[in-house]
Amino acid sequence: QTRAKNQREAIWQALVDAFTASMSDQKSIKVCGGFAPAIWLPRTKAVNLVAIFPKCDDGCKRMFETATQLRSNLQQALQADNATGVVTAAEAYLPFAIGLMQSLEAPGEADMMSLTCAFPWASGCSRKGLEVFFTMYTARFEVAMVMCAQACAINNEAAALLDTVGSPAEFEDAGKKALLGFKRAAGILAHIAEELLPLKEALPFSRPPEVQRDLFKALSLLVRASGQQVACQQAAFKGMGKALLAKLYLAAAKLLSEADAKLKGEEMKNDVQDLNAPLKNFCAASPKLVLCTAFQSLAAGSWGDKKYGEGLGYAREAKAKLEEAISAGIMLGTSRALAVRVDKVRGDLAKMSKEYEDDNKFVYFEPVKTPERLPEGKLVSAADLDPYHPPAPAVVFSYGVDRTARLQPSVSGIV
């Protein structure tokens with residue numbers, strides 16, 4: 001038994017070493033509070049919007065100059081990885097980007113092919129990293145990436161709140177604030193998938209994964225799962241019954257599984273290999289870790305109800321799910337907060353399993369019951385998304401047969 005224990009400890013230490021190595025070999029995914037992933041912000045290069053239109057009236061020229069400066073502010077905030085600055089800069093530039101998109105896509109506009117609208121962006125989700133820029137020639141992609149940067153920054157601000165708490169009371173306050181951000185970010189990401197994509201141009205072979213709708217659907221599901229797990233933590237601190245708590249975790253696991261399925265679906269088949277490994281590992285492994293937590297809760301509930309065989313069965317299922325999560329890469333390319341959570345789950349589960357196994361073997365003598373069907377998960381309002389309503393375009397212009405951009409009266413509209 002001592003030798004087996006030493007072997008298990010050696011295997012675990014090897015996993016910890018692999019986690020440490022992964023932190024130095026590639027950009028890790030920061031998981032705040034042990035469950036809420038921060039999403040890498042994209043990057044962009046400078047674009048002179050005035051240069052796109054060689055001929056324009058004075059009103060258009062002033063508008064393009066203003067938009068260029070606002071875009072430059074966004075570029076600098078992204079480069080500094082300043083989430084708060086990104087949110088502010090994106091909100092200021094977005095009405096101009098939407099106006100540019102709607103004007104260029106307006107029916108009847110002539111000779112658009114003579115324009116060179118080149119927008120370079122580095123993907124936050126690509127394995128190629130933030131040093132490799134992809135250039136797309138459509139203002140719709142520009143709007144999508146600005147909204148993407150905005151949503152990821154809002155999510156990251158919300159997730160960061162969960163790393164600042166030390167007590168249940170502090171978590172309650174931070175959790176409420178974080179939920180507002182998660183709902184808002186999830187709504188923006190869903191809007192990109194449903195309203196902006198797919199792009200109207202043919203996709204080049206070399207492209208960022210952000211051109212695919214299912215990437216944004218997956219990210220929206222990840223953010224919603226973070227909200228659901230905030231509710232799980234709040235319920236646990238308030239002493240919710242184990243069976244009900246398990247239902248909350250089961251719903252979170254379902255959201256995470258759906259996110260993983262989106263990344264592995266038909267639409268992403270040509271792009272999934274370009275996703276960075278930490279993101280793929282987290283999406284594949286986190287549902288199993290959350291299921292492990294749900295099974296732990298079910299085990300404790302059954303044991304407390306003196307259903308010892310059932311409780312032991314759930315404990316064994318929890319242990320199996322933890323092993324699956326580790327095998328799927330939950331420890332690879334993630335931040336320390338998640339590693340600490342996995343280590344705590346492992347320790348708590350080992351203690352639970354030994355206690356249940358020994359007590360049932362020497363005291364209760366109940367046959368172990370493997371659960372045939374799990375309870376239905378329960379989604380709560382914390383996992384909802386706030387429907388996103390983009391700002392009206394700041395400006396609208398026409399581009400006629402004489403290849404001159406002319407400012408039009410501002411027109412309100414929704415993308």
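This is a predicted model: local features need pLDDT of at least 70, side-chain atom pairs count only at pLDDT 80 or more; totals for chains, interfaces and linings use all residues.
## Two helices side by side

Let's start with a pair of helices. Two packed helices are described by the angle between their axes and the distance between the axes. Here the partners are helix H7, covering residues 213-237, and helix H8, covering residues 242-263.

The crossing of H7 and H8 is left-handed. Sorted by class, the residues in the contact of H7 with H8 are 18 nonpolar, 3 polar and 5 charged.

Next, look for alanine 225, which sits in helix H7. Is alanine 225 buried or exposed? Alanine 225 has 0% relative accessibility, so this residue counts as buried.

Alanine 225 can also be placed relative to proline 287. Along the sequence, 62 residues separate alanine 225 and proline 287, while in space their C-alpha atoms are 9.8 Å apart.

## A cavity and its lining

The model has 1 cavity of 30 Å³ or more, and the largest cavity holds about 30 Å³ of space.

Which residues line the largest cavity? The lining consists of Ile29, Pro37, Ala38, Ile39, Trp40, Leu222 and Leu279. By class, this lining has 7 nonpolar residues, with no polar and no charged ones.

Notes:
Residues are numbered from 1 along each chain as its sequence is written. Side-chain values use heavy atoms; hydrogens and water are left out. Axes are lines fitted to C-alpha atoms, for helices over the stretch in contact, and angles run from 0 to 180 degrees between N-to-C directions. Helices (H or I, at least four residues) and strands (E, at least two) are DSSP runs, numbered from the N terminus. A crossing is left-handed if the near helix is turned anticlockwise from the far one by less than a right angle, and right-handed if clockwise. Ala, Val, Leu, Ile, Met, Phe, Trp, Tyr, Cys and Pro count as nonpolar, Asp, Glu, Lys and Arg as charged, and the others, Gly among them, as polar. On a 1 Å grid over the protein atoms alone, a cavity is a set of points where a 1.4 Å probe fits but cannot get out, and a pocket is an open set with protein on both sides within 12 Å along at least five of seven lines; lining residues have an atom within 4 Å of a point. Grid points are joined across faces, edges and corners, and a volume is the space filled by probe spheres set on the points. Buried means under 20% relative accessible area, exposed over 50%, partly exposed in between (1.4 Å probe, protein chains only).
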